[in-house]
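This report covers strand pairing, backbone exceptions, salt bridges and surface features. The chain in question is shown here.

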Amino acid sequence: DLKTSAQFSIVPAAAGDPLEGHVELAYDQAANTVELGSSSLSTPATRVELQGTLGKTLRIRGRTTRLEDILPVVEMVGGEKPATLPLKLTNGSVSIDGSVVGALDDPEFRGQVAVASAQVREFQFDRFAAEVVVNKREAQAKNIAAALGRSTVAGSTTLMLRDSDGSNPGVAAQLTFRNVDIAEVAKEAGVTEPLAGTGTVTAQI
């Protein structure tokens with residue numbers, strides 16, 4: 001039975017996005033495992049640290065200010081490369097700290113995600129943090145703590161990415177909004193009378 005190990009140093013290429021890093025690999029034929037030692041990959045905008053066993057438990061820690069750099073990771077977990085990401089950074093960053101577990105054809109990420117200065121569709125926020133679980137079928141976020149100025153959001157959400165028949169994704173959420181600008185809420189609701197003040201809103205979907 002073959003057992004082998006290797007170390008690779010990655011240096012930036014002359015063309016394309018510069019990528020550099022250090023990767024340690026160990027292969028065990030009898031156990032049919034590929035283990036990553038303390039390894040890291042980085043570009044000018046992104047750094048990812050990895051350690052663990054592919055197809056079992058892979059520890060991952062990373063930070064990026066350029067979401068395009070993490071599309072390969074999104075493709076690995078989701079099974080396909082998204083045309084666009086719903087999240088846009090506005091001079092912000094995304095940090096993750098967790099583990100990718102499960103088989104290579106059905107991986108799942110479990111860990112902490114923190115986002116600073118970003119936008120999802122029309123909703124902008126200063127910061128977001130949550131415990132997340134993401135796989136091919138759904139994305140869950142628990143213990144959400146988000147803020148825009150004085151307004152804050154707390155709660156949990158589940159987004160169905162793919163039903164068992166591959167269609168009809170849905171969303172479930174229980175969120176509490178505090179220090180909400182009543183004038184903005186009234187505007188979204190189509191109320192034309194002038195209103196002012198702040199309030200607390202609880203929503204369940």
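## Asparagines with positive phi

Asn 179 is partly exposed in this predicted model, its relative accessible area being 31%. The residue belongs to strand E11. Although Asn 179 is not a glycine, its phi is positive, at about 55°.

Asn 143 is another residue with a positive phi that is not a glycine, here with a value of about 50°. Strand E9 contains Asn 143. Its relative accessible area is 53%, and Asn 143 therefore counts as exposed, the cut-off for that class being over 50%.

Of the 8 residues of E1, the number buried is 0, so the strand lies largely in the open.

E8 and E9 make a hairpin, with 3 residues between them. Their antiparallel pairing extends over 7 bridges. Phe 128 has Ala 146 in E9 opposite it.

E9 also pairs with E10 in the antiparallel sense, over 9 bridges. Ala 141 is placed opposite Thr 157 in E10. This hairpin has 2 residues between the strands, and Gly 149 in it takes a positive phi near 60°.

Strand E10 (residues 151-160) is paired in turn with E11, again in the antiparallel sense, over 8 bridges. Val 153 stands across from Phe 177 in E11.

## Salt bridges between strands

How many salt bridges does a search of the whole structure find? The search gives 7. One of them joins Asp 28 to Lys 3, with the closest N and O atoms 3.9 Å apart. Because Asp 28 lies in strand E2 (residues 20-28) and Lys 3 in strand E1 (residues 3-10), this pair ties together parts that are 25 residues apart in sequence. Asp 28 has a relative accessibility of 18% and so counts as buried, the limit for that class being under 20%. Lys 3, by contrast, is exposed, at 63% relative accessible area.

Asp 97 and Arg 59 also meet through their side chains in a salt bridge, at 3.0 Å from N to O. Asp 97 is in strand E6 (residues 87-101) and Arg 59 in strand E5 (residues 57-64), and the pair links distant parts of the chain, 38 residues apart. Both partners are partly exposed: Asp 97 has a relative accessibility of 30%, and Arg 59 has a relative accessible area of 37%.

## A salt bridge between loops, and a network

Where do the partners Arg 137 and Asp 106 lie? Their side chains meet in a salt bridge of 3.2 Å, N to O. Arg 137 lies in the loop between strand E8 (123-134) and strand E9 (138-148), whereas Asp 106 lies in the loop between E6 and strand E7 (108-120), so the pair ties together parts that are 31 residues apart in sequence. Arg 137 is partly exposed, with a relative accessible area of 39%. Asp 106 also counts as partly exposed, at 32% relative accessibility.

## A nonpolar surface patch

Which residues make the nonpolar surface patch? The patch consists of Leu 159, Leu 161, Val 171 and Ile 205, and its area is about 370 Å². Among them, Val 171 lies in strand E11 (residues 171-181). Val 171 has a relative accessible area of 48% and is partly exposed.

Definitions and conventions
Residues are numbered from 1 along each chain as its sequence is written. This is a predicted model: local features need pLDDT of at least 70, side-chain atom pairs count only at pLDDT 80 or more; totals for chains, interfaces and linings use all residues. Side-chain values use heavy atoms; hydrogens and water are left out. A salt bridge is a side-chain nitrogen of Lys or Arg within 4 Å of a carboxyl oxygen of Asp or Glu. Helices (H or I, at least four residues) and strands (E, at least two) are DSSP runs, numbered from the N terminus. Buried means under 20% relative accessible area, exposed over 50%, partly exposed in between (1.4 Å probe, protein chains only). Patches are made of residues with over 30% relative accessible area and no salt bridge: like charges are joined within 9 Å, nonpolar side chains (Val, Leu, Ile, Met, Phe, Trp, Tyr) within 5 Å. Accessible areas come from the Shrake-Rupley method with a 1.4 Å probe; for residues, only the protein chains shown count as cover. Two strands pair if DSSP finds at least two bridges between them.
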